[in-house]
Structure formats: C-alpha cells, structure tokens
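Please set out how this structure is built. Take the sheets, the overall fold, the pairing of the copies and some single residues in turn.

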Protein chains: 2
Amino acid sequence: MTSASADFPAMVQVPEAELTSIVQRALARMGLSDAHVQAIAKVIVAGQRDACQSHGVYRLITCADAVRAGKVRLDAEPTVRATGSPIVQVDAQFGFSPLAFERGLPALVEATRRHGLGALVIRHCFHFSALWPEIEAITAHGLAALALTPSHAWVAPAGGSQPLFGTNPIAFGWPRPGPNPYVFDFATSAIARGDLELHRRAGQPLPEGCGVDADGEPSTDPVAVARGAMLAFGGHKGSALSTMVELMAGALIGDWTSRESLTFDDGAGVAPCHGELVLAFDPAAFADGDQATQTARAEQLLDSITAQGARLPSQRRFAAREASARQGIAVPVELWHDIMALADLPSDQGTPR
Amino acid sequence: MTSASADFPAMVQVPEAELTSIVQRALARMGLSDAHVQAIAKVIVAGQRDACQSHGVYRLITCADAVRAGKVRLDAEPTVRATGSPIVQVDAQFGFSPLAFERGLPALVEATRRHGLGALVIRHCFHFSALWPEIEAITAHGLAALALTPSHAWVAPAGGSQPLFGTNPIAFGWPRPGPNPYVFDFATSAIARGDLELHRRAGQPLPEGCGVDADGEPSTDPVAVARGAMLAFGGHKGSALSTMVELMAGALIGDWTSRESLTFDDGAGVAPCHGELVLAFDPAAFADGDQATQTARAEQLLDSITAQGARLPSQRRFAAREASARQGIAVPVELWHDIMALADLPSDQGTPR
C-alpha cells in the first residue's frame, strides 16, 4: 500500500492481491460461505480496479446491509440445469448472484459453442453487481453477449408517473483481438440509482428529465424524485427497452419483476432479488465461413468511432484497469477505513496481510 | 372506396382487399416476380392499414426508385439454410427483404420451438420496410422476438460528428392473450430518416439534439443535418445500442455495415442493402413449467403501464387497424393519385377492380 495521494478525494493505492484478501476477509466476517466470498470479492475488486466507484469496494456496505436484513442465504449452493439444449438454467437459491453466474458460465459457453447461441437463465438471486464483469467473462471465451436484469421498481413508464420498472440495465459485449472487448453496461433509467443517492446526499439538483415528484410533475429535486419516480433515458424508447427487460428477464424466465422484487424487499432497502437473462452468441456459427472478414469489419467499425474522437463505452474503465496494474488499485481514504473496519483490520498502520 | 373525407389531408377510404390488389398491380408493373409482389404488398398495405404513413403505400415510390436504380434483383429467389441448429440462414440474393423473411419464418418457428430460442439471419436484402410486421408474424406463433438491422450511414456516434451508423432500428415483441402483442419498433437515431426528410420538405426546424452540421456543430436545420450527421437518441446509450446493431446485424452475420451499404448505394439514394438478425424465444421453454404465471405476470406489468395513463408502444397503430377494418384503409388523396398512376389505373373514377 502506498501512502495517500494529494488527489481529492485522497486515495490509498492497494495492490490487487492485497485488496482482494481484505475484501474476502470482510465478506467472510459477514458469514458468507467461502464460495460466495471468492465470487463476490472478484467482482467487487474488479469494479474498484476499473475505478467504478459505485460498483467497487463500496458494495461491501451493500452486502453487509443485505446480510443484516436476513433475507440473503449466505451459503446458498446454486444448482445448474444444463440438458444439452441452448438454455442453461441456474437457481441461485436466494444467494448473491456472482456465484450463480460463475457456476452457470461453463455450461453457457459449452451450449453456445454447440448450438451457435445460448441463454443463461439465473433465478432467485440477490443482485448488486454491475453486468460488465459477466459480459467480459463471456467475451473472454470469444463469444458475444447480451445481459438483462430488472431491479427495484423506481422508474415510471414514459407518459406515466408511478414507479413500475427497475433501473433495468442492459449490457452487451463483443470480443476483440486485443485484451479488451467492446462492452457497454447502462441503466435504462435516465440516471443510475446510485447517482440519485449521491445527488441526494450532496444536496445537488438532478439534471433535467431524470424524474418526477409524487404528483407526477417533472422535478430536479433528488428527495422529491426519490418519493416520486425516476424516468427512463431517451423518453418512450428507453421506456420500451425497460419494459422489454421486465418481460424478458422477469416474466419470460419465471422470476420476479422489479415491482415484485420491491414488494419482497418490504422496506428493508437491500439489493433487489430477481432473475437475470444472458444471451451468448458464437461468432464462428454466424460468420458464414469467414471469421477474418467478420473480425475486420467489427474492428473497422470500432476504429471509425475512436478515429473521429468519440469514445468507446468502456474506454475509461480499461484505462483505469491499466493504471491499477501499474500503481495498485485506488481506494478513497474514507472508504478504505470503512472496509478495513468491516475486515476488522487496523487501517492506520502499514500494509495488513 | 368511399369518397374523400373532410379531414386534412383529404383521405380516400379503401377496403383492404382492394388496396392490396392495387398495390400488387403497381408492384407487378415494376417487373417484380409474383412472389415478391405478394410479400411486399402485404407489408405495405399493413403499414397503411395501421396509419404508419412512412411505411405504408408511400413505400411504393421507394420501391419504384430502387427498381429504377437497377440494383435490386426483381425475381430473386431467397435460399433457406436450416440444418436443425437454432440458427436459420436466408440469402435474399439481393432481392427485397419481405419475401426472404417470409421464406425463413417457418424454419425459425420450428427451430425456436425445438431449441427454446432461435435466430434468423437474413443476408443480402434490400430493406425498406418496418420491422414490426416481422415481429408480429413471430408473436402470432406465441413466440417473443427481437430484430435488429443496420441501414445507411447517416448517424454519428455520441461524441463524434461523422456519419457512421444507420438509423439502426430495434424491434421487440411479446405475445399477449388478446389479438395484439406488445410491440415496439424504433430507430436508434433521435429522429427517423423519413422525419428528417419531412422537415426538410416542409422547411421546418428539427427538434434540438437530432443532428450536427458538416462542422460538427449542433444544428436544427434539416438541410445542414442532412449534409452533416444525425445523432442517436438518448446520447451515449442510444449510440451504444446503435453500435450493437452494426456489430450483431452487420459484422456478426457476415453482411454489410451501414457504411458499406451506403458505399454500395453510391449516390443512387435507394433502399439500403444489408442483412438482418431476428432472435425468437419460446416462452414455454423458459417458463420453468408455469406458463400461466408467466402470462399473468406479463399482463400485470403491461396493465400497470396503461392503468397509470401511459401508452403502450403500438397502441395507436392497433387503434388505426381497428378503424381500417370498419371503414377501409385511409390513404391521403395525393398519394392515392400517385399509387393509382403507378398501377396504371384511373384514380378519378369510382372503384377500380
């Protein structure tokens, strides 16, 4: 661990292996089984490594809250059903989602290679992670992927004012020749729930168009919007996509919609509990015998985006990842103290091992 | 045919069977084979029936232009490759797309029922139709569907200013118990290309955020935007979705991106030539043995949208469809004269048969 930098907020730089063991220790102290500890630590540390503050080690606090509320099964053993069809079904047994995804991934990859496309259905999981770690785990096998999941009912449909949809993220990935795939992962709400919380805590107004108050009137007051409803990005189009997420990653797969998840939460305020749908595509099966052209065409498209000065969706994340590999993973000092406390380690003395 | 109404623009009301035979006659006169005439007439008349002026009988003019440019094969016989895998591949042989879709549909439905999900890849088609007729043809079999297709490179990526993406529509459908499915079909550009043309012809400014001029500056001037670039809806999120469409319905399937399609067009200004990717999902295979709950959950979600006064994406279209069944299909008088001329029929005397 290097000392705090002069940046604001002050950061400590922690080597990845060290941060991982601290996060694992904190998770183990919550009573999670070793399999869950390993799987959750991996995605939380990956988020921090990529400078996604909202999906980094801060999520240890989300985990702790969910564990404290007593709904998550700490030692849930996900069951995988893979029958040779393109559809792989995992029951997370009301545990956290990362282990369920990990357990289903090999069967998804196999089904996709065999059939050209495959689907991974995860049911009954508590979900607090970003989707891009899952997408990247699939593109690492040379497959393309699309993932959808509901959340808690916080978002009103376009033209309405009552919360119905979750922030319902959509994530997509395409494998590229280099180390980094093309990946996007965004909420279909105009603003992420975490951003709403940040604005509320900072007492800052939201951008226009992010929400309505309890009377259905447009509002930029984060407190009023939290009592009213958030809005989808891009008007009726984003709202339609959010509906699709509820239908495909809720109704279709036989798991809860965002409203049912919020009802189940019953005021506990913890991570939503629902399902997830992940589709995977084997480029080889679609290429019509010419994967070289397929790859070249995709690369030309992506290069034409960056060549005109536009950014690819995960470019900033990949840059942070490189910096983390060189300098260690940056953790805001205040958060560092929090996670060291969760791990029951002294945070004011050298490097804990 | 009833007489023109007092509405503005003046309309003639034409029974569906009659409009179909006029459209078929016009298409046959262009030299299209009977199979293409039947398939194209069906989607064009369906568009007019649903009061989609931009995808109704007006498209006869688009067809005529494309035929005149000499690139479309008028008697192309699509070839279908269905090998028992979930992926059905159709080569449209450089004909118009509706026949290729029709020819591939039975194999897609069979593959989807067999495997739980399926993909229809169409290559080498000239595409001018909306995607919802295809989506509705799939939901009519009780399946859910997602369709993607590129177009011509008119849209700049978020943060850029050079045209690269097509208007790249995304369409989705979910089967419902009643006659009408849940369906959306929208361009990932902020405004449809047809709307840009309408604004240009009417000399009206575009809404904010639809495009940039040739210098990359935001502009509401339709002429300047046509020379510069259109923008995606919803900022970087819409731009990411548009990238996904190029990757999945271009690179993945081994067919042209929107830029290649525009290069092939080479100033002819006709319908784009490229491929299409359609995914289908059998709800029964995902329901985990409980389709009644699956349906009830979806219906409850959709009812919760309309119950709060919000509209479902295709509601207006379905209302027009009902009105057309009662009163005949409304065609603007000027357009009526145009299509009667294309069919070589007198448009100023009673009903032509």
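Two strands count as paired if DSSP finds at least two bridges between them. Within this pairing, A:Gly211 stands opposite A:Met230 in E10(A).

The sheet is open and has three strands, in the order E6-E10-E9 (chain A). Its pairing is mixed. Strand E6 (155-156) and strand E9 (211-212) of chain A are the edges, each pairing on one side only.

## Basis of the model

The model is predicted: local features need pLDDT of at least 70, side-chain atom pairs count only at pLDDT 80 or more, and totals for chains, interfaces and linings use all residues. Residues are numbered from 1 along each chain as its sequence is written, chains are lettered from A and ligands numbered from 1 in the order in which they are written, and side-chain values use heavy atoms, with hydrogens and water left out.

## Overall build of chain A

Chain A has 13 helices and 12 strands. These are DSSP runs numbered from the N terminus: helices are H or I with at least four residues, strands are E with at least two. Three domains divide the chain: domain 1 (11-71 + 311-342), domain 2 (79-187 + 232-301) and domain 3 (190-231). The bounds come from an automatic or database domain assignment. The centres of domain 1 of chain A and domain 3 of chain A, taken over C-alpha atoms, lie 27 Å apart.

The C-alpha atoms of chain A fill a box of roughly 60 × 50 × 45 Å along the principal axes. The radius of gyration is 20 Å, which agrees with the value near 20 Å for a compact globule of 353 residues. That radius is taken over C-alpha atoms, and the globule rule is 2.2 Å times the number of residues to the power 0.38.

Of the 353 residues of chain A, 58% are buried. Buried means under 20% relative accessible area, exposed over 50%, and partly exposed in between (1.4 Å probe, protein chains only). The accessible surface of chain A is about 13500 Å², with 51% belonging to carbon and sulfur atoms. These areas come from the Shrake-Rupley method with a 1.4 Å probe; for residues, only the protein chains shown count as cover. Among contacts in chain A between residues at least 6 apart in sequence, 65% join residues at least 24 apart. A contact means heavy atoms within 4.5 Å.

## Enclosed strands

How many residues of strand E11 (residues 273-281) of chain A are buried? Nine of the nine are, so E11(A) is largely enclosed by the rest of the structure. Strand E4 (residues 117-126) of chain A runs antiparallel to E11(A), joined by eight bridges. Here A:Val121 has A:Leu277 as its bridge partner.

Strand E5 (residues 144-148) of chain A also pairs with E11(A), in the antiparallel sense over five bridges.

## Two copies

A rotation of 180° with 0.0 Å of shift along its axis superposes chain B on chain A (RMSD 0.0 Å). That is the relation of a two-fold axis. In chain B, the C-alpha of B:Gly234 is nearest the axis, at 2.1 Å. Superposition is by least squares on C-alpha atoms of residues with pLDDT of at least 70 in both copies. The copies meet through the same surface, because 100% of the interface residues of chain B are also interface residues in chain A.

## Single residues

Most residues other than glycine have a negative phi. A:Asp266 has a positive phi of about 55°. A:Asp266 sits in the loop between helix H9 (258-265) and E11 of chain A. With a relative accessible area of 63%, A:Asp266 is exposed. B:His124 also has a positive phi, near 60°, but lies in strand E4 (residues 117-126) of chain B.

B:Pro332 belongs to strand E12 (residues 329-332) of chain B. At 15% relative accessibility, B:Pro332 counts as buried. Leaving aside neighbours within four places in sequence, B:Pro332 contacts B:Pro9, B:Ala10, B:Met11, B:Gln48 and B:Gln53. B:Pro332 and B:Gly47 are 285 residues apart in sequence and 13 Å apart in space, C-alpha to C-alpha.
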